[in-house]
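This briefing covers how parts of one structure meet each other. Look over the sequence and the model before reading the points.

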Protein chains: 2
Amino acid sequence: MASDRLPSRSENFSEWYNQLVLRAELADYSPVRGCMVVRPYGWTLWENIQAALDRRFKETGHMNAAFPLFIPKSFLEREKEHVEGFSPELAVVTIGGGEELDEPLVIRPTSETIIGHMYAKWIKSYRDLPVLINLWNSVVRWEMRTKLFLRTTEFFWQEGHTAHATREEAEAETLQMLDVYADFAENEAAVPVIKGRKSQSEKFAGAQHSYSIEAMMGDTRALQAGTSHNLGENFARAFDIRYLDKSNKLQYCWTTSWGLSTRFIGAIIMVHGDEKGLVMPPRLAPFQIVIVPIFRNEEERTAVMETVERIKSQLKDHRVKLDDREGVTPGFKFNDWELRGVPIRVEVGPKDVAKGTVAIARRDQPGRKGKQIVQQEGLSKAIDDLLDEIHHSLFDRAKDFMVANTHQPKDYAAFKEVVANGWADVWWCGDAACEAQVKEETKATIRNIPLDQPGGEGVCIHCGKPATERVIFSRAY
Amino acid sequence: MASDRLPSRSENFSEWYNQLVLRAELADYSPVRGCMVVRPYGWTLWENIQAALDRRFKETGHMNAAFPLFIPKSFLEREKEHVEGFSPELAVVTIGGGEELDEPLVIRPTSETIIGHMYAKWIKSYRDLPVLINLWNSVVRWEMRTKLFLRTTEFFWQEGHTAHATREEAEAETLQMLDVYADFAENEAAVPVIKGRKSQSEKFAGAQHSYSIEAMMGDTRALQAGTSHNLGENFARAFDIRYLDKSNKLQYCWTTSWGLSTRFIGAIIMVHGDEKGLVMPPRLAPFQIVIVPIFRNEEERTAVMETVERIKSQLKDHRVKLDDREGVTPGFKFNDWELRGVPIRVEVGPKDVAKGTVAIARRDQPGRKGKQIVQQEGLSKAIDDLLDEIHHSLFDRAKDFMVANTHQPKDYAAFKEVVANGWADVWWCGDAACEAQVKEETKATIRNIPLDQPGGEGVCIHCGKPATERVIFSRAY
């Protein structure tokens, strides 16, 4: 596999991505149109993402639960915007146990409705609030044009669903989870993001307002990498989620939902990957280190493998892969693990055995620059430091790229040029019609309205009317 | 909730179970017939089960992956026994994205077929073997009579799927995973089990032969708590999973599959639970310890809570719940956590503050017997030891119960009495017709043919013909 040339990232980013996902064995196409198989290497990455997020969810008081895959079709119809948003994308079960069903069941595209139904049953009093639940599952949204990880009919994600006594608490939760996502993206995946509010036309179907984190991919397009929705009283009213407050009055709850999906794997690939293949961020990498033993004969083999085993046990707190495949050359192994993006390669040869050293190669700095000779003694600490350095180096590189490709065009002509190959950070009047026209004319959409605003006032990049908010316009995945 | 009386376990085991699952907030009925909602307390138990199993799967070289929820209907039809076994239970998607599908999609009842399709694509050479993959997901089998955790249309499980070069390796894997299940059941859940082979009529649809672990519930009925299947070459032939061996000849692979589901939660409830409610096995308990502060006034409150916080941080390596609810009495809290089965209750009152002690109550020994006063100093170690002791005590109690209710009836008349309220350990001739007649006459089925056989020969309990194997007959969930 690794011997075939990967398509060029700089010349054909899209095909580079498609081939890389397959060749690195992250995922594969399934016999069911639009669905993917996530292979062990890709799923281990997802497990590491899950662990990093789940820890943060639990630290902020959430517990996991599981809700049914099936949702009665009538449930979806209770929230008007919600059903309009999701109807065209539904997979519908009409036969169960050999018989036609009285009411068709929808495979969940998201679980707000069935959650709403159950919360209405569970929540009686202010003492029952807040309810802070998260689900790890898969959802189905029928897709016509699919791309592995980025857009598939079934995808894997988490969906958090909370209920609160007041509008303020719900908004605080919504923003807290946005912060959790941003913290995860930057400090685990080394992916810099912009936190912001979605415009009304881009918000979640049924939300009062939505927030997102947006990341810039290696081709400068944006990817929405996580969303957090303040649902207001919309679902509480649709499903009658009410509680008795302290003065014994019935009140509607305020609910939120927030999600991050296997799309994020697409972001990791497209932010960090290079011409040679994947570059895994060290804190999430399925394998942080690959050890490649090098020897020419049986005698060398014995000595090298003895050292390798000792090094492996020294590194037992890291995620280590020992590549002891026979019948393939070290060079083949180097290419293979470069393609698969393992952050650090440790080579052990006869000279290393003699000198008490190992040769280390950094994936983020291919070639001589990233190579060094390190003492076997204290290797674990040296590796720790290096993993940390790689994390920061990847983050800085991605951040520099994002900053370098984010522009403040002065007029609409310049704007059009900017969004052809980058992000535009511009004033917007707030008018959905204006937003729609920009989209039609340039394919760029408002990614979000950053929380971090400069203040002051300007004129809308499209219509020239007064504007009080700056937004990020970009083409997006 | 906790104030209503739980139905009597000894008088109405079934209703005791149903009510307990709801009241302990393990699970709830969903608006979709036959499906369940697993609530946070129940799901945390499942997460702990997952962690204990997943560690064992990874230690034995398996990695997790994810396969699509949807399976083309034609796939199921490729293995004759498989489609016959599963056809009556299928949920079928006929509409996707608003349009009727050309080929209906089945929601996976199990994934052998789609796995087979992909393995055929991935496996080329003996170098690619073995393939050792596990999936954590949910599957759907349409059920008419459902019972929470024990039998639901959608249930949660893991399904392992492996491919091997030889018959021997596949059989070794099948038995290894049976051992993993038994080890998990006994050493994590404190549930004693019998490992054995299923009879041909009870094996998995499409397997060459199946193994199971069987546990005795508190009403003496059996529950199949995990299964491991040697699929022979059946699926390899149906899906053309072949590899080039070392001499460059195409060979069929030998595959296995093995699964353990949320049914196991039913086993935990029914093996350990008592008249007061759940009794969680310490190594899997969502909360191992609940701390209940006791005070009568604000001054006492301050002193008690200070001690409580110190104790809580002492116990930070345990799963601790601090019940600091206001407006409910300590007695209410005691009942509540007894119902929910927390292994150890730690009470802290003003006297404990003064004396540097805490009062400890064991859930497995309600009343005075399980109470003791323990020094705050060294509490973490004392709790560790006690959790261990509780684990062994629960296991021993369950084992004694299983042994006491397993009989060796001398003739078929005695057999009938035995299986009305216990297990029968008897000789069986191996004839499926004989097995079917016993089932029809007594409702008892062969749970399994224990791996641990006495040897020798006897006569079949039903037909009196010569028999070389002893089997466990019992009514089952």
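How many residues of chain A are in contact with residues of chain B? In this predicted model, 41 residues of chain A are in contact with 41 residues of chain B. The points below take up this interface, and then the domains of chain A.

**Where the chains meet**
- On the side of chain A that touches chain B, strand 5 (residues 91-96) of chain A gives the most, with 6 residues.
- By residue type, the side of chain A that touches chain B divides into 27 nonpolar, 9 polar and 5 charged residues.

**Strand pairing across the chains**
- Strand 5 of chain A is joined to strand 5 (residues 91-96) of chain B by 5 bridges.
- These two strands run antiparallel.
- In this pairing, Gly96(A) stands opposite Ala91(B), a residue in strand 5 of chain B.

**Domains of chain A**
- The domain assignment divides chain A into domain 1 (13-272), domain 2 (289-384) and domain 3 (406-474).
- Taken over C-alpha atoms, the centres of domain 1 and domain 3 of chain A are separated by 27 Å.

**Where domain 1 meets domain 3**
- Within chain A, 15 residues of domain 1 are in contact with 14 residues of domain 3.
- Strand 9 (194-197) and strand 10 (209-216) of chain A each supply at least two residues of the side of domain 1 that touches domain 3.
- Strand 9 of chain A gives the most to this side of domain 1, with 4 residues.
- The residues of this side of domain 1 of chain A divide into 3 nonpolar, 6 polar and 6 charged.

Methods
Residues numbered from 1 in each chain as written. Chains lettered and ligands numbered in written order. Predicted model: local features only at pLDDT ≥ 70, side-chain atom pairs only at ≥ 80, totals over all residues. Domains from an automatic or database assignment. Contact = placed C-beta atoms within 7 Å. Nonpolar A, V, L, I, M, F, W, Y, C, P; charged D, E, K, R; others polar. Pairing = 2+ DSSP bridges.
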